[in-house]
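Open the structure in your viewer and keep the selection tool at hand. This tour goes stop by stop, telling you what to select next and what is there.

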Amino acid sequence: IEKLEALGAKVDYHDPHIPVIKPTREHAHLAGRKSAPLNDSYDLVLIATHHDAYKAENFSQYRCPVVDTRNAIGRQSQPKHYSKA
């Protein structure tokens, strides 16, 4: 999040297990951020954590690119612009 924002990106996060970021020493400035709904209104969706909830999500209709760094999306749900990283 920090690196992307330093480059000027607007960054939201989605995590079904962490609805609000709690304060930590290392990332106190992120405390209070809320998990955003998962949808294709973004320029890019980056999946950085493997959650079973993503296997149930239907990404196939997403218009934005999806980069999956954890192989979290099932084959039948892959969107047109899909990349494994």
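Contact, on this tour, means heavy atoms within 4.5 Å. This is a predicted model, in which local features need pLDDT of at least 70 and side-chain atom pairs count only at pLDDT 80 or more, while totals for chains, interfaces and linings use all residues. Residues are numbered from 1 along each chain as its sequence is written, and side-chain values use heavy atoms, with hydrogens and water left out.

**The whole chain**

Start with a cartoon view. The protein chain has two helices and three strands. Helices (H or I, at least four residues) and strands (E, at least two) are DSSP runs, numbered from the N terminus. Read from the N terminus, the order is α-β-α-β-β. The C-alpha atoms fill a box of roughly 40 × 25 × 20 Å along the principal axes.

Now colour by accessibility. Buried means under 20% relative accessible area, exposed means over 50%, and partly exposed lies in between (1.4 Å probe, protein chains only). Of the 85 residues in the chain, 27% are buried. Among contacts between residues at least 6 apart in sequence, 18% join residues at least 24 apart.

**The nonpolar core**

Select Val45, Ile47, Tyr54, Phe59, Tyr62, Cys64, Val66, Ala72, Ile73 and Tyr82. These 10 residues form the largest nonpolar core. Such a core is a set of buried Ala, Val, Leu, Ile, Met, Phe, Trp, Tyr and Cys residues joined through side-chain atoms within 4.5 Å. In soluble globular proteins, nonpolar side chains tend to be buried together.

Zoom in on Val45. Beyond residues up to four places away in sequence, Val45 touches Leu38, Asn39, Tyr62, Cys64, Pro65, Val66 and Val67.

**Tyr62**

Move to Tyr62, in the loop between helix H2 (52-56) and strand E2 (66-68). Is Tyr62 buried or exposed? Tyr62 counts as buried, because its relative accessibility is 8%. Show its contacts next. Setting aside neighbours within four places in sequence, they are Leu38, Asn39, Asp40, Val45, Glu57 and Pro79.

The side chains of Tyr62 and Glu57 are joined by a polar contact of 3.2 Å. The Tyr62 side chain also reaches the backbone nitrogen of Asn39 at 3.5 Å. A polar contact is a pair of N or O atoms within 3.5 Å; within protein, one must be able to donate a hydrogen and the other to accept it, and residues adjacent in sequence count only if both atoms are side-chain atoms.

**Ser77**

Glu57 turns up again at the next stop. Select Ser77, in the loop between E2 and strand E3 (82-84). Ser77 is buried, because its relative accessibility is 4%. Apart from neighbours within four places in sequence, Ser77 is in contact with Glu57, Asn58, Phe59 and Ser60.

**Two histidines**

Select His51, in the loop between E1 and H2. At 11% relative accessibility, His51 is buried. Its side chain makes a polar contact of 3.5 Å with the side chain of His17. Leaving out neighbours within four places in sequence, His51 is in contact with Asp15, Pro16 and His17.

Then go to His29, in the loop between H1 and E1. His29 is exposed, with a relative accessible area of 53%. Which residue does its side chain meet in a polar contact of 2.8 Å? The partner is the side chain of Glu2. His29 and Glu2 are 27 residues apart along the chain, and their C-alpha atoms are separated by 9.7 Å.

**Asn71**

Select Asn71, in the loop between E2 and E3. Asn71 is not a glycine, yet its phi is positive, at about 50°. Most residues other than glycine have a negative phi. Asn71 is partly exposed, at 41% relative accessible area.

**The largest pocket**

Finish by showing a surface. The largest pocket has 24 lining residues, and Val11, Asp12, Tyr13, His14 and Leu46 lie nearest its centre. Helix H1 (2-6) and strand E1 (45-47) are the elements that give two or more residues to this lining. E1 gives the largest share, three residues. On a 1 Å grid over the protein atoms alone, a pocket is an open set of points where a 1.4 Å probe fits, with protein on both sides within 12 Å along at least five of seven lines; lining residues have an atom within 4 Å of a point.
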